[in-house]
Amino acid sequence: MRLRITKPFDDPDYIFELKHDGFRALAYIEDGSCRLVSRNANQFKSFQSLTESLSKLKVRSAILDGEVVCLDANGISQFNQLFSRQGKPVFYAFDLLWLNGEDLRNVPLIERKQHLCELIRTNKLERIIYAQHVEGDGKLLFEEICNNDLEGIVAKRKHGIYKSNGIGWLKIKNPKYSQAEGRHEWRRG
């Protein structure tokens, strides 16, 4: 579970990522196929074109953690398009847990992200995006996120190991995020 906090911070031991507005999912890729599984362990069956695209990742096996999102022309998450299945979903990958038989969960996050970046860069698939990050400067990133009406940021210890429940992640949401108006899940946090 990600802990929600209200104020951004700077810390050299943390990386900060944009929090996209979508559905959290694990992508299980093996033998030329892909399954997208929700954080509640339910398989997403309505994103067939996305799973077909992700299955083309040149790996024997991989598990990626990320968010299924629909983006507008400016790269901004459009939750209603995703929810109504009207947009073209992409996978916003922020972690690599397993690669070709190797369990990476105990490898420091910053190293897992380097492996993930290289994997995505060399594969050049249109429907997967690497989650870039900022090291140490959470306040400045959060200010930019708020100025651009984006959902928020997630702070993660850069040398942390992977925990499936996101323990240790700090979620900082934009209090004026326009797409959250009237959504029950926003209040849950």
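N123 is located in helix α3, which covers residues 109-123; helices (H or I, at least four residues) and strands (E, at least two) are DSSP runs numbered from the N terminus. The model is a predicted one, in which local features need pLDDT of at least 70 and side-chain atom pairs count only at pLDDT 80 or more, while totals for chains, interfaces and linings use all residues. Residues are numbered from 1 along each chain as its sequence is written, and side-chain values use heavy atoms, with hydrogens and water left out.

N123 counts as buried because its relative accessibility is 10%, where buried means under 20% relative accessible area, exposed over 50% and partly exposed in between (1.4 Å probe, protein chains only). The side chain of N123 reaches the backbone nitrogen of K58 at 2.7 Å. Leaving aside neighbours within four places in sequence, N123 is in contact (heavy atoms within 4.5 Å) with K56, L57 and K58.

What does the side chain of K156 make a polar contact with? The partner is the side chain of E17, at 2.7 Å; a polar contact is a pair of N or O atoms within 3.5 Å, and within protein one must be able to donate a hydrogen and the other to accept it, with residues adjacent in sequence counting only if both atoms are side-chain atoms. K156 is found in strand β10, residues 152-157, and is buried, because its relative accessible area is 2%. Beyond its neighbours within four places in sequence, K156 is in contact with D13, Y14, I15, E17, F94, L109 and W169.

E67, in strand β5 (residues 61-70), counts as buried at 6% relative accessibility. The side chain of E67 reaches the backbone nitrogen of G22 at 3.3 Å. E67 and Y162 are 95 residues apart along the chain, and their C-alpha atoms are separated by 16 Å.

A41 is not a glycine, yet has a positive phi of about 70°; A41 lies in the loop between β4 (33-38) and α1 (48-54) and is exposed, with a relative accessible area of 62%. K124, also a residue other than glycine, has a positive phi near 50°. K124 is found in the loop between α3 and β8 (128-130) and counts as exposed at 71% relative accessibility.

Turning to the cysteines, a disulfide is a covalent bond between the sulfur atoms of two cysteines. A search of the whole structure finds 0 disulfides, taken as pairs of cysteine sulfur atoms within 2.5 Å. For C70, which is in no disulfide, the nearest cysteine sulfur is that of C34, 16 Å away. C70 counts as buried at 1% relative accessibility, whereas C146 is partly exposed at 26%.

A cavity is a set of points, on a 1 Å grid over the protein atoms alone, where a 1.4 Å probe fits but cannot get out. By this rule there are 2 cavities of 30 Å³ or more. The second largest cavity has a volume of about 40 Å³, where grid points are joined across faces, edges and corners and a volume is the space filled by probe spheres set on the points. Its lining residues (those with an atom within 4 Å of a point) are L18, K19, H20, D21, I76, S77, D149, L150, E151, Y177 and Q179. By class, this lining has 4 nonpolar, 3 polar and 4 charged residues; Ala, Val, Leu, Ile, Met, Phe, Trp, Tyr, Cys and Pro count as nonpolar, Asp, Glu, Lys and Arg as charged, and the others, Gly among them, as polar.

Definitions and conventions. On a 1 Å grid over the protein atoms alone, a cavity is a set of points where a 1.4 Å probe fits but cannot get out, and a pocket is an open set with protein on both sides within 12 Å along at least five of seven lines; lining residues have an atom within 4 Å of a point.
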